[in-house]
Amino acid sequence: MMLCNIDRICLSVAMLPLAAEMGWAEGAQGIVQSAFLWGYVSTQLVGGTLADRFGGKRVMAWGMVFFSVSSMLLPLVAITPLTKSLGVVFPAVLLSRFLVGLGEGVALPSVNNMMARNIDIRQRASAIGGMFTGFHSGNLVGLLLSPVLLESFGWRSVFYTFGALGLPMAAIWNAVVPDHRPSKGASRSTESSTDSSVSIRALLSSPAVWAIITANVINHFGYFIYLNWMPTYFYKVLG
């Protein structure tokens, strides 16, 4: 989950030299930043459905490989002499970031599926809290390491380095993470609640679900503005 956010946040730092090289105004930069979210929202429900059918471990592994390779596509395929000569750099960059979001969209549904199936309900809040600690730590790690890589090796190295990390990480994931195996302490009620299906209508009739939706919508307006524009603000406004 940390790697997910590192691959997401690195563009916010790399956008400064990338936009300067491509001559992109702020509006174009905003569209490029948002392309990730187009893909991210597309696989939220799909990721949950696939995780229910094939298991969160398998879906997460494929998602990890997919978004890591897609991250490397931006400097490797999207911005090349060929795409520049054809005048398709901008749509190619949008596509590469869309694909990163597409791969990362399955991550949270997959992990939540694994939490529900493998962790006792009495330990689940702590487990999810630990998982989100790793998730948001990715922002810190990405914002710390990206400028170092950028200054030392250029902006392309940011995408190559973080993208390449996903392949050994996926191998470790497959070797270390167990297949679906309910914990010994899991109660029968936990298993039955995990396996029973809940309709969309039942979910949307729950006040608690709407409270979660509302909180997330409000939180993410500020959250993604910070993630996408904070490095640019520090550089241009604060010097």
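1. A helix, as the word is used here, is a DSSP run of type H or I with at least four residues, and helices are numbered from the N terminus. In this predicted model, Ser96 has its place in helix 6, which covers residues 89-104. The relative accessibility of Ser96 is 3%, and since anything under 20% counts as buried, Ser96 is a buried residue. If the neighbours within four places in sequence are set aside, Ser96 is in contact with Ser70, Leu73, Leu74 and Ala78.

2. The average pLDDT of the protein is 90, and 93% of the residues score at least 70. Which helix has the lowest confidence, and which the highest? The lowest mean, 48, belongs to helix 10 (residues 188-195), while helix 6, the helix that holds Ser96, has the highest, at 95. Across residues 186-194 the pLDDT falls below 50, and this stretch has 9 contacts in the model beyond near neighbours in sequence. Where pLDDT is low, predicted coordinates should not be read in detail.

3. The largest pocket has a volume of about 2100 Å³. It is lined by 43 residues, and those closest to its centre are Gln44, Leu45, Pro109, Asn112 and Leu203. By class, the lining of this pocket consists of 24 nonpolar, 14 polar and 5 charged residues.

4. Which helices supply at least two residues each to the lining of the largest pocket? They are helix 2 (26-42), helix 3 (44-54), helix 7 (107-118), helix 8 (124-153), helix 10, helix 11 (200-204) and helix 12 (207-236). Helix 12 gives the most, with 13 residues.

5. The structure holds 4 salt bridges, and one of them joins the side chains of Glu21 and Lys84, with a distance of 3.5 Å from N to O. Glu21 lies in helix 1 (residues 2-22) and Lys84 in helix 5 (residues 81-86), so this pair ties together parts that are 63 residues apart in sequence. Both partners are partly exposed, for Glu21 has a relative accessible area of 36% and Lys84 one of 43%.

6. Glu21 also meets the side chain of Arg156 in a salt bridge, here at 3.1 Å from N to O. This pair links distant parts of the chain, with Arg156 in helix 9 (residues 155-176) and Glu21 in helix 1, 135 residues apart. Arg156 is partly exposed as well, at a relative accessible area of 27%.

7. Another salt bridge is formed by Lys236 and Glu26, whose closest N and O atoms are 2.9 Å apart. Why does this pair tie together parts that are 210 residues apart in sequence? The reason is that Lys236 lies in helix 12 and Glu26 in helix 2. Lys236 has a relative accessibility of 47% and so counts as partly exposed, and Glu26, with a relative accessible area of 44%, is likewise partly exposed.

Terms used: Residues numbered from 1 in each chain as written. Predicted model: local features only at pLDDT ≥ 70, side-chain atom pairs only at ≥ 80, totals over all residues. Heavy atoms only, no water. Buried < 20%, exposed > 50% of the residue type's maximum accessible area, 1.4 Å probe, protein only. Contact = heavy atoms within 4.5 Å. pLDDT = per-residue confidence, 0-100. 1 Å grid on protein atoms, 1.4 Å probe; cavity = no way out; pocket = protein on both sides within 12 Å on 5 of 7 lines; lining within 4 Å. Points joined across faces, edges and corners; volume = space filled by probe spheres on them. Nonpolar A, V, L, I, M, F, W, Y, C, P; charged D, E, K, R; others polar.
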